[in-house]
Amino acid sequence: MFRRRSLAADMRNANSYEEWLHAARSFEAATGLDGWRSDPKSDHYHHALIRQQLDSLRSMRAAGRIEDLVDHLHESMHRNLGDVSAPELYAVAPTGTKRLIGEYLSEIEATISGLVDSNIPGWPAREKLAVLSRALANFGRTALLLSGGATLGFYHLGVVRALWRAKLLPHVMSGASMGAMIASGICSRSDAELEALFSEEVPDIQLMGLEWRSILGMLRERSLMKPEAMLRVIEANCGRHTFEEAHARSGRTLNISVSPTRISQKPRILCHLTSPNVLISSAALASSAVPGLFPPVTLTQRRGEQERPYIDTETWIDGSFGGDLPMMRMSRLHNVNHFIVSQTNPHVVPFLSGSTQQGVSAFAVGVAVGAMRTQGMQAMQVARTVAGLTPLKGAMELMMSLAQQEYRGDIDIHPRFEPLQYRKILRNPTREDLAHFVIEGERATWPKLAMIRDHTRVARCLERCASRLEARLAEPD
């Protein structure tokens with residue numbers, strides 16, 4: 001028992017992924033979980049079907065039955081065949097799930113790569129690329145969603161760094177509030193610039209974005225903080241790129257949520273498809289404009305060298321109020337059907353901590369949290385009705401919007417609940433604070449890497465193969 005607790009503590013306090021992985025493997029060996037991974041049986045997935053699929057693929061590949069392989073892949077290749085993506089399969093052993101699932105995914109990769117790289121008569125590269133493109137469209141894409149969280153949102157940097165170093169960072173990202181600032185900084189950098197940013201133990205970024213107004217300034221401007229100070233920091237960390245420029249520069253698809261100030265207006269998601277000429281710095285500022293702390297923001301667009309307001313009749317506020325995790329809109333825009341969520345909102349994290357635990361106590365906590373949410377919603381609905389057309393109606397609408405949102409994805413990453421960190425929500429972090437946020441974000445991500453790797457493995461293989469074919473087609477005859 002002492003050995004088990006010691007290894008669990010080593011995992012919680014690891015300072016690198018290598019340290020964590022060594023402790024996790026030792027933990028599995030000490031607890032018998034290595035044997036659980038080797039035994040293919042589980043009630044959480046159809047292991048007999050997966051074994052049958054694996055044997056069929058191996059047999060057809062060995063016999064060179066090309067047409068049968070293509071047909072088989074079309075019929076069977078989707079994200080959750082036989083429930084292989086069930087989260088329960090990744091809640092037992094820290095380094096991964098059943099080895100049968102890994103073998104099955106490896107065989108799919110080998111089959112796809114073999115079909116792409118083989119010289120098959122009557123099946124030219126252009127036709128192969130068309131097949132892969134259809135497969136990618138059918139399979140869907142993965143996105144990383146970064147929530148709001150004020151200063152606690154710096155945890156996102158650790159999450160992104162862990163995914164980047166594991167070569168698992170999705171090309172599609174969204175951010176709201178503080179998450180919008182982090183996502184903007186990531187999606188405005190080239191791969192080389194991102195590698196340089198994450199090569200430092202503590203990323204070299206500007207931190208002094210929170211600057212309080214004077215008392216007279218607060219009364220005059222009806223907000224507590226200076227937006228120009230925040231904008232300077234955003235521009236220092238993200239540049240002054242438009243969404244279109246950032247997409248061309250990084251190859252990543254940035255999405256920023258903004259909420260309207262008019263009740264009749266709907267929240268928006270800004271990206272290179274919906275608002276290509278909008279400056280991402282103005283979008284990130286608007287997405288971070290918490291009512292009362294910052295004034296509403298008019299977005300800025302640039303065409304050529306000229307900058308001017310974007311929809312100058314509208315102003316926008318913190319994106320968390322209308323779309324902290326805009327999954328439905330991203331699904332329509334980018335064919336995303338798999339969401340990794342990094343959640344740091346201070347009103348959400350306490351209810352997520354321990355949510356992956358199993359047993360009677362975890363069930364009781366889940367029931368209690370559900371009851372609290374239901375009662376809170378009912379109380380806010382009553383308050384909204386009472387507010388009627390008074391000045392409080394707008395505030396109640398924002399509170400209802402926060403309460404009604406879904407804060408979970410297919411894979412959820414959140415830091416440990418540290419109550420003392422809540423004192424720093426509206427403070428500029430020190431370099432020591434930033435170092436703590438980054439390592440805690442990484443520690444929260446490492447146990448999720450096996451699940452992320454498996455869930456995205458086929459899509460990543462399809463993308464790599466499509467890139468190889470495109471490069472081949474671009475070569476001169």
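This is a predicted model: local features need pLDDT of at least 70, side-chain atom pairs count only at pLDDT 80 or more; totals for chains, interfaces and linings use all residues.
Setting aside neighbours within four places in sequence, leucine 169 is in contact with Leu144, Val160, Leu163, Trp164, Ile186, Leu194 and Arg252. Show those side chains and keep them on screen.

Leu169 belongs to the largest nonpolar core, which has 112 residues. Along with Met77, Ile112, Phe154, Met173 and Leu462, Leu169 touches the most other members of that core. Which helix gives the most to this core? Colour α6, residues 99-117: this helix supplies eight residues. There's also a second, separate core of 10 residues, with Leu145, Val172, Leu325 and Met327 among them.

The crossing is left-handed.

Now pick out the side chains where the two helices meet:

- From α4, select His47, Ile50, Arg51, Gln53, Leu54, Leu57, Arg58 and Arg61.
- From α6, select Leu100, Glu103, Tyr104, Glu107, Ile108, Ala110 and Thr111.

Colour this contact by residue type and you get seven nonpolar, three polar and five charged residues.

Last stop: arginine 5, in helix α1 (residues 2-12). Is arginine 5 buried or exposed? Its relative accessibility is 59%, so arginine 5 counts as exposed. Finish by selecting phenylalanine 27, 22 residues away from arginine 5 along the chain. The C-alpha atoms of arginine 5 and phenylalanine 27 are separated by 9.0 Å.

How values were computed. Residues are numbered from 1 along each chain as its sequence is written. Side-chain values use heavy atoms; hydrogens and water are left out. A nonpolar core is a set of buried Ala, Val, Leu, Ile, Met, Phe, Trp, Tyr and Cys residues joined through side-chain atoms within 4.5 Å. Buried means under 20% relative accessible area, exposed over 50%, partly exposed in between (1.4 Å probe, protein chains only). Helices (H or I, at least four residues) and strands (E, at least two) are DSSP runs, numbered from the N terminus. Contact means heavy atoms within 4.5 Å. A crossing is left-handed if the near helix is turned anticlockwise from the far one by less than a right angle, and right-handed if clockwise. Ala, Val, Leu, Ile, Met, Phe, Trp, Tyr, Cys and Pro count as nonpolar, Asp, Glu, Lys and Arg as charged, and the others, Gly among them, as polar.
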